[in-house]
Amino acid sequence: MAQETNFPLEKIKRDLESRGFQYETIVGEGSDARVVKAKKLSENSGENKEDVYAIKILPLKNDEKAKYLQREVGAVQDNKDSTHQNIVKYYQYWNTIRIDEIQYLCIQMELCRANLFVFVYENEMGGAEIIKAQGPPRFYQHVFPQILEGLRFIHEKISWVHRDLHLKNILIANPNPREISGIIVKIADFGRARGIINTSQSLTDFSKLEDLSPHVGCELFRAPELDTQDYDYKVDLYSAGIVLYFLSRYLEDKKQWKNEIEAFRGGKRRSEDLCHQDDKHLVSLIQLLTKEREKRPTAEKALEIAGKFATSHELVESQTLVEPKKKRFFIKKVGDGTSKRCTMEDDFPQNLSSLKARIGRETDIEANSQILCQQTTIVGAERIEITSDKHVHDMFHSADKRGKDVVIIVSDSKSKAKDFFVEKQGEKLKRCTTADDTLSGLQAGIENLLNVKAESQVLRQKTTVNDKSEHIDITSDQQVESMFASAEKTGKKVVINVSENTSAQNELSTDTSHCESKNFLIKIDNEPLKRGLIKDDTLNLSSLKDEIKKCTGIGAESQVLYQETVKHGKYVLIEIGSDEHVEIMFQSDEDIVIVVSQPRVASLDTMNV
């Protein structure tokens, strides 16, 4: 295969020999890495298993994977002097000479027989029938406490969180166990692991860490909060809960496991799906490990429950193993300043008709009269009309992955359209209509009439205050709603002065002529938002401050920058203090809002990352 051809095996063999190892065979491979079995050459070598090792070989590249290589090297350094029977032993690492213009990292590790998934289906104790064994000990009863012991050591002694615990990263140490009691398992592969500060019952101290990366690890086993930057060591316990389900659920066909785990996570598996339905402690621990983070036990607490496995032999009453997730979203009815919280069961049909039916019960707007728009968490951001089942599915899926709330703007197509007049320099007064009284609806109507892009519009209401003509900036939904409500009360027409912010367009076209650029919004106190631009090849804190200086006149040395975002349905400000934060921030699909030097920042919810 192409992968095998591109791997310089013969040259790697010579490098290993120069370091006193004799290559034997490849025992594992991935997209880049290979794991080989090699014997240590010495005068007194013999055939002792202590003389045979696994050597992981990875190409050194200057890309996103580089930091994970550094993490695994860190595991070698942290683990070489401390041993635990349920953690794969690391010995040393080295860089090879350059081979075909590429340098490779070699990590010498303890050699193990197979990963947990392969072992269950290929062991000599009946294959997957091992799951059904009554013991003592039962398979899960013997194996799972060892996994928890390994996690306790990682969390409390090494102060790491693994972040990628799954069946292929749990290895069987002994060559060919003949009985369940002889099985020894070890946790391996620390490439996704990272240090944590606080391993007590509280959460990670974010102020002492580099930014936490989202979307880390095997997706099937990944804790929900790992799709955000707000998580701690309990993500490993969630993954362990899925491993425990695997250890206690019999499937003859191993190809069914992907769909099986998805169904389990979705709340569609019950206690009677387990092989052993007489162990209430097994059911209880699976349920606890897959709960939300705050209710999940530590490895130590989980060990206490695991110690009671198979001590009860009464049929467990039928119950769901994982609580069905609920889709939470917020409804904002046009003309109503409040938001309503709504939920739908995760297995409820995620289609447009079911969403409209749910919204209809909350708003009394008939489904066939509803106009639905999705709103982002950024004030003033674009609203996207919801018109299909696919949009509904993608909207909730994206919100789950990013840890964001879904906000839906609802208007009634039967309600009276809002009429207003627009005035543009050098042109006559023109009549315009908007279907709803939101800023985006107003901008859309003006764009259709005047062909002025929404992002370039500067809108001011032309009105009279104390017999004096005044122009009032229009920058929010609340102002638009108030403007039309006041007009209805007084019987006066709404007149809006429209001008075009050409400077932002010119700056954009100039800066994007030579390379790709990122847009962001700048927020200073109660001023209207300003638009900034930063080039892809200068995504660092210094360049960001320079751009903000150009837009605001605030010197870089005086700027204190915060990213405005939403966590758990609540606006928070995250201080921007490093180049890495800037890079990760601009990788997001959402609009970026940067708050500059707010004097009242101490009274807001802030978070140091």
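Gly532 touches Lys518, Asn519, Phe520, Ile522, Glu547 and Cys551, leaving out residues up to four places away in sequence; contact means heavy atoms within 4.5 Å. The model is predicted: local features need pLDDT of at least 70, side-chain atom pairs count only at pLDDT 80 or more, and totals for chains, interfaces and linings use all residues. Residues are numbered from 1 along each chain as its sequence is written, and side-chain values use heavy atoms, with hydrogens and water left out. Gly532 is found in strand β22 (residues 530-535). Helices (H or I, at least four residues) and strands (E, at least two) are DSSP runs, numbered from the N terminus. Gly532 counts as buried, at 1% relative accessibility. Buried means under 20% relative accessible area, exposed over 50%, and partly exposed in between (1.4 Å probe, protein chains only). Ile594 is 62 residues from Gly532 along the chain, and the two C-alpha atoms are separated by 9.7 Å.

Two further buried positions were examined. Arg296 lies in the loop between α8 (280-289) and α9 (299-306). Its relative accessible area is 3%, and Arg296 is buried. Neighbours within four places in sequence aside, the contacts of Arg296 include Ala223, Pro224, Glu225, Lys234, Val235, Leu237 and Tyr238. Leu288, Leu289 and Lys291 are also among them. Leu450 is found in helix α12 (residues 439-450). With 12% relative accessibility, Leu450 counts as buried. Leu450 touches Val422, Lys424, Glu427, Lys430 and Val498, not counting residues up to four places away in sequence.

For the chain as a whole, the secondary structure comes to 16 helices and 26 strands. Of the 609 residues in the chain, 49% are buried. Among contacts with a separation of 6 or more, 61% involve residues 24 or more positions apart.

Aromatic rings were considered next. Rings of Phe, Tyr and Trp (its six-membered ring) pair if their centres lie within 6.5 Å; planes under 30 degrees apart count as stacked, over 60 as edge-to-face and the rest as tilted. By this rule the count comes to 14 aromatic pairs. One of the pairs, Phe7 with Tyr104, is edge-to-face, at 6.2 Å centre to centre and 90° between the planes. Phe7 lies in the loop between α1 (2-6) and α2 (9-18), and Tyr104 in strand β5 (residues 104-110), so the pair ties together parts that are 97 residues apart in sequence. Both Phe7 and Tyr104 are buried. Tyr245 and Phe264 form a stacked pair, with 4.1 Å centre to centre and 10° between the planes. Tyr245 belongs to helix α6 (residues 235-248) and Phe264 to helix α7 (residues 257-265), so this pair ties together parts that are 19 residues apart in sequence. Tyr245 is buried, as is Phe264. Ring pairs also link Tyr245 and Phe264 with Phe117, Tyr121, Phe246 and Trp257 into a cluster.

A charge sits over a ring if NZ of Lys or CZ of Arg is within 6 Å of the ring centre and within 35 degrees of the ring normal. The charged end of Lys40 sits over the ring of Phe21, 4.5 Å from its centre. Lys493 lies over the face of Phe421, 4.9 Å from the ring centre.

Two strands pair if DSSP finds at least two bridges between them. Strand β8 (residues 170-172) pairs with β6 in the antiparallel sense over 2 bridges. Leu171 in β8 is the bridge partner of Asn115.

The pLDDT is the predictor's confidence in each residue, from 0 to 100. Its mean over the chain is 80, and 80% of the residues reach 70 or more. Over residues 504-515 the pLDDT is below 50, and this stretch has 14 contacts in the model beyond near neighbours in sequence. Residues 599-609 also stay under 50 in pLDDT, with 24 contacts beyond four places in sequence.
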